[in-house]
Amino acid sequence: MDRSRAFYQALGYTVVGTVPDTPFGSLTMLQLPDDPFVTIELVHDPARLVTETGGLNHLAVKTDDLYATIATLAAHGIQADPARPTAGPDDPLVTMVRDPDGYLIELVQWPEGHADGLTADDFDSG
């Protein structure tokens, strides 16, 4: 749990609350500074170790400055791939990292003027 909490805090999340005893284990609620709601809930039960991360390809997390995020992660010993992403002027900057349990996290910086995530306008409706 400590490794996971430190990893997500390095991504910019803050702990907004915990629930120590549930049938699933202890819960830690995480939120990005500009989000109105908790967006990640870390669930920890020391009796149930993570042995496989199959079934989930990856999570995507928006960042306003991908290069600064990569530098912050590197300072915490977390390597991004690629370490220096490039993109066209209308394309998002994207890199990938793995959390301590092996889950793949996509970090994305949307281009200037783009919404803060995918919208219907991003898909060809023809």
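Arg-5 is partly exposed, because its relative accessible area is 25%; buried here means under 20% relative accessible area, exposed over 50% and partly exposed in between, computed with a 1.4 Å probe on protein chains only. The side chain of Arg-5 meets that of Asp-2 in a salt bridge, with 2.6 Å from N to O; the term requires a side-chain nitrogen of Lys or Arg within 4 Å of a carboxyl oxygen of Asp or Glu. Asp-2 is exposed, at 57% relative accessibility. Helices (H or I, at least four residues) and strands (E, at least two) are DSSP runs, numbered from the N terminus.

The model is predicted: local features need pLDDT of at least 70, side-chain atom pairs count only at pLDDT 80 or more, and totals for chains, interfaces and linings use all residues. Residues are numbered from 1 along each chain as its sequence is written, and side-chain values use heavy atoms, with hydrogens and water left out.

The structure holds 4 salt bridges. One of them joins Asp-101 and Arg-3, at 3.9 Å from N to O. Asp-101 belongs to the loop between S5 and S6 and Arg-3 to helix H1, so this pair ties together parts that are 98 residues apart in sequence. Asp-101 is partly exposed, at 30% relative accessibility, whereas Arg-3 is exposed, at 56%. Another salt bridge is formed by the side chains of Asp-64 and Lys-62, at 2.7 Å from N to O. In this pair Asp-64 is exposed, with 55% relative accessibility, and Lys-62 is partly exposed, with a relative accessible area of 28%.

Helix H1 also has a buried side. Its span is residues 2-10, and its buried residues are Ser-4, Phe-7, Tyr-8 and Ala-10. Why do these buried residues line one face of the helix? Seen down the axis of H1, they fall within an arc of 155°, and therefore they line one face; the arc is that of the directions from the helix axis to the C-beta atoms. The cover over the buried residues of H1 includes strand S2 (25-31), strand S3 (40-44), helix H2 (66-75), strand S5 (93-98) and strand S6 (104-109). Contact means heavy atoms within 4.5 Å. After H1 comes Gly-12, with a positive phi near 115°.

Rings of Phe, Tyr and Trp (its six-membered ring) pair if their centres lie within 6.5 Å; planes under 30 degrees apart count as stacked, over 60 as edge-to-face and the rest as tilted. By this rule there are 2 aromatic pairs. Phe-7 and Tyr-8 form an edge-to-face pair, 4.9 Å centre to centre with 85° between the planes. Phe-7 is buried, at a relative accessible area of 3%, and Tyr-8 is buried at 3% relative accessibility. Tyr-8 also pairs edge-to-face with Tyr-13, at 6.1 Å centre to centre and 80° between the planes. Tyr-13 is buried, as is Tyr-8. Through these ring pairs, Phe-7, Tyr-8 and Tyr-13 are linked into a cluster.

Arg-84 lies over the face of Tyr-67, at 4.2 Å from the ring centre; a charge sits over a ring if NZ of Lys or CZ of Arg is within 6 Å of the ring centre and within 35 degrees of the ring normal.

Helix H2 includes Thr-69, which is buried with a relative accessible area of 12%. Not counting residues up to four places away in sequence, Thr-69 touches Thr-63 and Leu-107.

The chain as a whole remains to be described. The protein chain has 2 helices and 6 strands, and read along the sequence these follow the pattern α-β-β-β-β-α-β-β. Along its principal axes the C-alpha trace spans about 45 × 35 × 30 Å. Of the 126 residues in the protein chain, 30% are buried. Among contacts between residues at least 6 apart in sequence, 40% join residues at least 24 apart. The accessible surface comes to about 8,300 Å², of which 52% belongs to carbon and sulfur atoms. Accessible areas come from the Shrake-Rupley method with a 1.4 Å probe, and for residues only the protein chains shown count as cover.
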